[in-house]
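This report describes selected features of the structure shown below.

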Amino acid sequence: RGLKIIARLGQTPDWAVPASAISADDTHDTPPTNLQDWADYCQEVAERYAGRIQAYQIWNEPNLRREWGSQPPDAAGYVELLAACSDKIRQADPEAIIISAGIAPNGQHDDNAHRDDIYLDAMYRAGFQQYVDVVGVHAPGFAAPSYGPDDAERDGQGRWATFRRIEDLRKVMVQHDDAARQMAILEFGWTTDRVNPDYAWYAVDEQTQAEYLVEA
């Protein structure tokens, strides 16, 4: 049907993680204890699907504790994981596009989460750009599309709580002389979920959702 695929690599299976490394609230986004095993896995996937999978997203939201094996976020550790996987994919399928993990927008900066712009800056300081073709970001609909980070700051809210937060992340790229590289919005949209407390606080009705998607 002419679809092109971005495959996200992560979600470690039970058999690949020591029981001692899995906590009660773990979602199996546990960093590999053996980077060579992880690299071999990335190579096997890329060799098998060469020419059929066009792009790979390496991990998801590593700036959140719950997406990093219930461990404090570690940008340098993520870059090591990214490098091991990227090198093998490039060997197996040089045409594949490699995208860094989408970063969760948030204003928190502690052992549970790292602020998205600070985390991206730390990734650059660890040299992640040499291992990717495209920088991954997330743009959930926390507010109307036209409402930007400056508007939120003026209103006493976090700059992160806007669709246009990605403009702040773009500034980080430019500061690191990486303006020529593209960004990929890997998660995007406005939820209608009024049940799950993680999402209900910014839910909209379906008509508003449709209007915001077109406007964005």
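The model is a predicted one. In the chain, His 114 is placed in the loop that runs between strand E3 (97-100) and H3.

Apart from neighbours within four places in sequence, the contacts of His 114 are Asn 63, Pro 73, Asn 106, Gln 108, His 109 and Tyr 119. Tyr 119 is also among the residues touched by Tyr 78, a member of the largest nonpolar core.

## Salt bridges around Arg 165

The structure contains 14 salt bridges in total. One of these joins Asp 116 to Arg 165, with 2.7 Å between the closest N and O atoms. Asp 116 belongs to helix H3 (residues 116-125), whereas Arg 165 sits in the loop between helix H4 (149-154) and helix H5 (166-175), so this pair ties together parts that are 49 residues apart in sequence. Asp 117 also forms a salt bridge with Arg 165, and here the closest N and O atoms are 3.1 Å apart. This second pair likewise links distant parts of the chain, with Asp 117 in helix H3 and Arg 165 in the loop between H4 and H5, 48 residues apart.

A further partner of Arg 165 is Asp 168, the N to O distance being 2.7 Å. What is the burial state of the residues in these pairs? Arg 165 counts as buried because its relative accessibility is 5%, and Asp 168 counts as buried at 9%. Asp 116 is buried, and Asp 117 is buried as well.

## The largest nonpolar core

The largest nonpolar core comprises 42 residues, of which Tyr 56, Ile 58, Tyr 78 and Ile 89 touch the most other members. Two or more residues each are given to this core by strand E1 (6-9), helix H1 (35-48), strand E2 (55-58), helix H2 (75-92), H3, E4 and H5. H2 makes the greatest contribution to this core, with nine residues.

Which residues does Tyr 78 touch, not counting those up to four places away in sequence? They are Ile 58, Trp 59, Pro 62, Trp 68, Ser 100, Ala 101, Tyr 119 and Met 123.

The largest pocket has a volume of about 690 Å³. Its lining consists of 26 residues, and those closest to its centre are Glu 61, Leu 64, Arg 66, Ala 104 and Tyr 199. Strand E4 (134-140), strand E5 (182-189) and helix H6 (197-200) are the elements that give two or more residues to the lining of the largest pocket. E5 supplies the largest share, three residues. By class, this lining has 11 nonpolar, eight polar and seven charged residues.

The second largest pocket holds about 310 Å³ of space. Of the 14 residues that line the second largest pocket, Thr 12, Pro 13, Ala 16, Asp 37 and Trp 38 lie nearest its centre. The lining of the second largest pocket is made up of eight nonpolar, five polar and one charged residues.

Definitions and conventions. Residues are numbered from 1 along each chain as its sequence is written. This is a predicted model: local features need pLDDT of at least 70, side-chain atom pairs count only at pLDDT 80 or more; totals for chains, interfaces and linings use all residues. Side-chain values use heavy atoms; hydrogens and water are left out. A salt bridge is a side-chain nitrogen of Lys or Arg within 4 Å of a carboxyl oxygen of Asp or Glu. Helices (H or I, at least four residues) and strands (E, at least two) are DSSP runs, numbered from the N terminus. Buried means under 20% relative accessible area, exposed over 50%, partly exposed in between (1.4 Å probe, protein chains only). On a 1 Å grid over the protein atoms alone, a cavity is a set of points where a 1.4 Å probe fits but cannot get out, and a pocket is an open set with protein on both sides within 12 Å along at least five of seven lines; lining residues have an atom within 4 Å of a point. Grid points are joined across faces, edges and corners, and a volume is the space filled by probe spheres set on the points. Ala, Val, Leu, Ile, Met, Phe, Trp, Tyr, Cys and Pro count as nonpolar, Asp, Glu, Lys and Arg as charged, and the others, Gly among them, as polar. A nonpolar core is a set of buried Ala, Val, Leu, Ile, Met, Phe, Trp, Tyr and Cys residues joined through side-chain atoms within 4.5 Å. Contact means heavy atoms within 4.5 Å.
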